Amino acid sequence: MLDLNVFPPNFRWGTATAAYQIEGAAHEDGRGISIWDVFSYTPGNVKKGDSGDVACDHYHRYAEDFKLMKELGMNSYRLSISWPRILPKGRGEINEKGLAFYDRLIDELLKNGIEPYVTLYHWDLPQALQQLGGWANRDTVDAFEEYARIVVNRLGDRVKNWITHNEPWCAAFLGHGAGVHAPGLKDVGVSMQVAHHLLLSHGKAVRVIKEHDSSHKVGITLILGPSHAASDSPEDVAAAARHDAFLNTIYLDPLYGKGYPRVLFDHIPALAPKVQEGDLEIIATETDFLGVNYYQRSIVKHSEQLPFNFDGVRPPGPEFTFFDWEVYPKGLYEVLTRVHQDYAPKEIFITENGATFEDTLTEDGQVHDEQRRFYIERHLKSVQDAISEGVPVNGYFAWSFLDNFEWAEGFEKRFGLVYVDYATQNRHVKDSGKWYSKLVKEALGAV
Ligand SMILES: OC[C@@H]1[C@@H](O)[C@H](O)[C@@H](O)c2[nH]c(CCc3ccccc3)c[n+]21
């Protein structure tokens, strides 16, 4: 199925994680608390009352984790920095122990010959900033810029690839519209203003990084997926166009200098964000790559449901993951060709792709996860097909290296190529991880 010769010789093969999901040590070495600590500690928000207090204990086990990563043959790794470890109050006093931790982490990665791709924000806003309004408060844009400058100045001699934000759609809508993620607000209008502030802070951080060293590569990671109309009726087609704007072009358009999509905000003018003079120019600051996270497509029909007048329709499958997400590899090809055609990023990295299935650790420490292996194989085939058509995809980061804290699902949902036995913190490479390792070694060996 896969022809590894199609992938460019300098292709980045790796995995992705995020600080709050793997580090643990939530109250160690001066770390401040984040909105996800608060959200997790609030009963009812996270399955089984799980939290990131311990998680994979990566804070203490990163050396063994990177040794395993090297043994598996990967040449890249996407991680995120915990803002509250660096600035416990979000701004002002710097926590030297937090910076020293990431010094050690990056040094250990480089010692293992693994290229770091660093996400500055993967949802763990310092709670002190939330108490001042969080991302709904435009001041947080300046706080993020200060945080970015501190991190880039400290790690910028060794980290050359930066992702400003992970999935602003999640931080904005799941966190402030649907209320199912931290900080747990349910106000669509606020979520749209949050989206604007996240994009604005992205543009500011790009400029900080480029001022530090213009040779550094910087981009943003978006969750993208096709919005398919449930029928060819004009109202379903119009509903799908609004959903496409709601999920995809509300971010893609302003990032690539097109402003906010009229198809959405003509429908909900009262919910449009307040945009100040110069904001759109900052948001559209030139970047070096686009990070694409892909998991599934959406099927959309017209609905009386306000404010968007669209609703989801259960996809036909027939395959679904443990998250009940449809397995639809073609959607990744559709996303990549559409992004290339409509926005033409210089480079694209698949910064997340993966699946959760019910994993069982056998007596002899194996996890036979053929479904996950087959999921990844078919999505890599979609990447291969896009590359064959000239789409500049230069890397694939499987979500995730380790099983980890899956937000509101807690530890029940496992995405790792490596199984984590949380009772012992032992790591067990799953069959999918062994397969991916063999594939990566073949691809890189072919260089
Ligand atoms: O759900 C798997 C991963 C998360 O663990 C990552 O932190 C996050 O970047 C990420 N985004 C998505 C798609 C959007 C989504 C996230 C969480 C829950 C539902 C949908 C899936 N994932």
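Let's start with the lining of the largest cavity: Ile35, Trp36, Tyr121, Trp123, Trp135, Cys170, Ala171, Gly175, His176, His181, Ala182 and Pro183. By cavity I mean, on a 1 Å grid over the protein atoms alone, a set of points where a 1.4 Å probe fits but cannot get out, and lining residues have an atom within 4 Å of a point. Two elements give two or more residues each to that lining, helix H2 (35-41) and helix H8 (168-176). The largest share, four residues, comes from H8. Helices here are DSSP runs of H or I with at least four residues, strands are runs of E with at least two, and both are numbered from the N terminus.

By class, the cavity lining has nine nonpolar, three polar and no charged residues. For the classes, Ala, Val, Leu, Ile, Met, Phe, Trp, Tyr, Cys and Pro are nonpolar, Asp, Glu, Lys and Arg are charged, and the others, Gly among them, are polar. The space in this cavity is about 70 Å³, where a volume is the space filled by probe spheres set on grid points joined across faces, edges and corners. The structure holds five cavities of 30 Å³ or more.

A quick word on what you're looking at: this is a predicted model, where local features need pLDDT of at least 70 and side-chain atom pairs count only at pLDDT 80 or more, while totals for chains, interfaces and linings use all residues. Residues are numbered from 1 along each chain as its sequence is written, and side-chain values use heavy atoms, with hydrogens and water left out. The chain averages a pLDDT of 98, and 100% of the residues score at least 70; that's the predictor's confidence in each residue, from 0 to 100.

Okay, on to the largest pocket, with a volume of about 1200 Å³. A pocket is an open set of points with protein on both sides within 12 Å along at least five of seven lines. Of its 47 lining residues, the closest to the centre are Trp169, Leu174, Gln296, Ser298 and Trp325. So which element gives the largest share of this lining? That's H8, with four residues. By class, we have 28 nonpolar, ten polar and nine charged residues.

Glu167 counts as buried because its relative accessibility is 5%; buried means under 20% relative accessible area, exposed over 50%, and partly exposed in between, with a 1.4 Å probe and protein chains only.

Now helix H9, residues 188-212. Its 25 residues should span 36 Å at 1.5 Å a residue, and the end C-alpha atoms are 36 Å apart, which agrees. That expected span is 1.5 Å times one less than the number of residues. In H9, 18 of the 25 residues are buried, so the helix is largely enclosed by the rest of the structure. Asp187 caps the N-terminal end, with a side-chain oxygen 2.9 Å from the backbone nitrogen of Gly189.

Gly317 and Pro318 are joined by a cis peptide bond, omega about 15°, and Pro318 is in the loop between strand E9 (310-312) and helix H13 (330-342). The bond from Trp399 to Ser400 is cis too, with omega near 15°.

Definitions and conventions:
A polar contact is a pair of N or O atoms within 3.5 Å; within protein, one must be able to donate a hydrogen and the other to accept it, and residues adjacent in sequence count only if both atoms are side-chain atoms.
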